Amino acid sequence: MKVGIVGLGLIGGSMAKGIKARTGHTVYGADLDHETMTLARMCGAIDGPLSAENLSQCDLILLAIRPQAAIDWATQNGERIAKSAILVDLCGVKRTVVKGLAPIAERCGFAYIGGHPMAGRERGGFTASSDDLYVGASMILTPDKRTDMKLLETLRDFFLDLGFAGLTFSDPEEHDRIIAFTSQLAHITSSAYVKSPEAQRRRGFSAGSFQDMTRVARLDEDMWTELFLDDADYLTAELGELIRHLTEYQEALQARDGARLRALLKEGREMKATAGGN
């Protein structure tokens, strides 16, 4: 199979490296950064650049770029994609992207399905990518009424070959609602947490809990601003819920109400036990 990857940062670069390490597929890659393209060629992550000529030969195209950039790319290149090909976006939000890409796929005649690999690191870019990033991870897909079983079987086999533990199916609305809590809220909370003046005076006093809370504050503000705004309705709702709960702890502390504080902590511990590790 010939695979085209648009965007060779952490997500796309790891896809390329995983494909070359674990399969016999040919990989064509595209990235706006010339140094990234050079590194990808030199380390064998891609077999060559994705071009107007070989795009039409690709059986699978992965868009590993920001939501609006993915829509813009498909708008400009949709007519060059073979009608037998599958296009999968790997964006962190789905409603905006699916709304933009599905009509292009329908008009041009190729298959499209939204995707989101549930794996990442606090640092981005091709140099942070690895061939094992997706080992044990979940791959979310958002099929619709036009998606056939053969397509899903092809993608299942492809992603399992890369080390994914399995596929999770969702619709764009459910995806964005859940991801606002499981991913976006954590990033925005970490960003706010690290702004305390105490963060600059912590040396010798920080351990694992500080590292866990601040790890994802080291984010790409341009990308996350776009993701947050595309999911602003669900994210603001989750922020409101978090603020409400934090206020309960604050009020218990201000009142020196040990019983109330103990009850809040117990409730959190029990809810974590119910939720499990993931």
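Mentor: Ala, Val, Leu, Ile, Met, Phe, Trp, Tyr, Cys and Pro count as nonpolar, Asp, Glu, Lys and Arg as charged, and the others, Gly among them, as polar. By these classes the lining of the second largest pocket has 9 nonpolar, 4 polar and 7 charged residues. The model is predicted, so local features need pLDDT of at least 70 and side-chain atom pairs pLDDT 80 or more, whereas totals for chains, interfaces and linings use all residues. Residues are numbered from 1 along each chain as its sequence is written, and side-chain values use heavy atoms, without hydrogens or water.

Trainee: What makes a residue part of the lining of that pocket?

Mentor: A lining residue has an atom within 4 Å of a point of the pocket, an open set on a 1 Å grid over the protein atoms alone where a 1.4 Å probe fits, with protein on both sides within 12 Å along at least five of seven lines. Of the 20 residues lining the second largest pocket, A85, F110, A111, Y112 and L151 are the closest to its centre. Elements α5 (95-108), β6 (111-117) and α6 (149-161) each supply at least two lining residues, helices being DSSP runs of H or I with at least four residues and strands runs of E with at least two, numbered from the N terminus.

Trainee: Why is the contact of K266 with E270 called a salt bridge?

Mentor: The term requires a side-chain nitrogen of Lys or Arg within 4 Å of a carboxyl oxygen of Asp or Glu; the closest N and O atoms of K266 and E270 are 2.5 Å apart, and the pair therefore qualifies. The two residues stand 4 apart in helix α11 (residues 258-275), about one helical turn. The structure holds 15 salt bridges, including that of E241 and R244 at 2.8 Å, N to O, with both partners in helix α10 (residues 232-254).

Trainee: What makes β1 and β4 a pair?

Mentor: Strands pair if DSSP finds at least two bridges between them; 4 bridges join β1 (residues 2-6) to β4, so these parallel strands pair. G4 stands opposite I61 in β4. Both faces of β4 (residues 60-63) are covered, with L60 and L62 buried on one side and I61 and L63 on the other.

Conventions: Buried < 20%, exposed > 50% of the residue type's maximum accessible area, 1.4 Å probe, protein only.
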